[in-house]
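Me: I'd like to learn how to read a sheet and the helices packed around it. Can you walk me through one?

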Amino acid sequence: LVARMRPFGTTIFAEMSALATRTGAVNLGQGFPDTDGPPEMLEAAVRAIRDGRNQYPPGPGIPELRAAIAAHQRDFWGLEYDPDGEVLVTAGATEAIAAAILAMCEAGDEVVCFEPYYDSYAASIALAGAVRRPVTLRPSDGGYSFDPDELRAAFGPRTRLVLLNSPHNPTGKVFTAEELALIAGLCLEHDAVAVTDEVYEHLVFDGAHVPLAGLPGMRDRTVQISSAGKTFSCTGWKVGWVCGPAALVSAVLRVKQFLTFVNAAPQQPAVAVALGLPRSYFTGFRDSLRDKRDRLCAGLADAGFGVLRPAGTYFVTADITPLGGSDGVEFCRSLPERCGVVAVPTQVFYDDVAAGRRLIRFAFCKRDEVLDEAVARLRKLS
Ligand code: PMP
Ligand code: GLN
């Protein structure tokens, strides 16, 4: 194994899901829903397979999906992209993130990001031989915030990219307008490109999702990334996309064509159908996840955790200190045996491990009875 990949072991999601399977615990670790997405979308995929849409689709994605993505960006966020050249379909957001970083970073270039960060960020930055410059999100006022001076200090002459995930996994933070303006200003000042991971764009419970690309001067220096996995409860389909100015999107495509060449065909017309569903689908999905957030937050507080209430995503982080815990990794490894529940320690997503040592993450994208069962088990801890 090459030296730059040696620090990366098995992903925490794989480790924790394997632990859940082995112990029969309720799995609130890895983020995937336990119900299927919209039936219209599922039927469209079955139809596509039966209709013989089973050979290599075009490299940038099928035209009807690219058109649906462009229409979605316009209708929801007021952003205009040309489906021919400014929209690219990828194998999930994961491939989009990797291809964007590989396409734009020379060895030694720096990528500003926020920690805790989604685990693939660090690995993709390392694959490119680039350097991550994390800015720490710290618990404050029941949520998370960062020190603006720390963000300013992370920028320098080698800054190439800013990688922003809002709504943010694992904290559930939705970056505020003021924070976005600061980030945009620093991108402009340092001539940096923004890569925005917006996979939870439709899961904002308090406030609103504001794409960084919509801020003044940002449209032409932002690569927006999203995915069908979360919005349409189909994490196993791995359909993602990139929107941005043609020059940046074609750079991402140059790399993407040698990573996967193209993506699975039959899911593409199905995701096009899903993106065209009426607004009531998107708001109904959000409202149902908001109820689940409230349900799990209340249950975790009852069980004795220090709950950091998320404004978005389908994750809630909790402080284990009130339950006598001091190390999230140890806590999560022993949790199945202690009470039959799996969660994810968030310290593995920090360079500054001490900042996340006492925090763990629970996923609430589960049926109510599963959440209730998890809470009943967690209550036995105190
Ligand atoms: N970014 C974030 C913040 C995520 O939580 C995930 C997991 N869905 C991904 C990217 C990867 O998305 P996909 O499964 O579409 O590759
Ligand atoms: N995005 C999901 C999570 O954060 C699943 C990620 C994965 O399994 N790679 O839990």
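Me: Which residue does asparagine 165 stand opposite?

Reply: Strands pair if DSSP finds at least two bridges between them. Here asparagine 165 faces aspartate 197 in E8. Strands E7 (residues 159–165) and E8 (residues 193–197) run parallel and are joined by five bridges. Strands (E, at least two residues) and helices (H or I, at least four) are DSSP runs, numbered from the N terminus. By the way, this is a predicted model: local features need pLDDT of at least 70, side-chain atom pairs count only at pLDDT 80 or more, and totals for chains, interfaces and linings use all residues. Residues are numbered from 1 along each chain as its sequence is written, while chains are lettered from A and ligands numbered from 1 in the order in which they are written.

Me: What is the strand order of the open sheet?

Reply: Its seven strands go E2-E10-E9-E8-E7-E3-E4, with mixed pairing. E2 (87–91) and E4 (131–136) each have a single partner strand, so one side of each has no neighbour in the sheet. From one strand to the next, the twist averages 25°.

Me: How do I describe two packed helices?

Reply: You give the angle between their axes and the distance between the axes. Axes are lines fitted to C-alpha atoms, for helices over the stretch in contact, and angles run from 0 to 180 degrees between N-to-C directions. H4 (residues 92–104) and H5 (residues 119–127) pack at about 35°, with axes 9 Å apart. Residues touch here if their C-beta atoms, placed from the backbone, lie within 7 Å. Among those in the contact are Ile97 of H4 and Tyr121 of H5.

Key: Contact = placed C-beta atoms within 7 Å.
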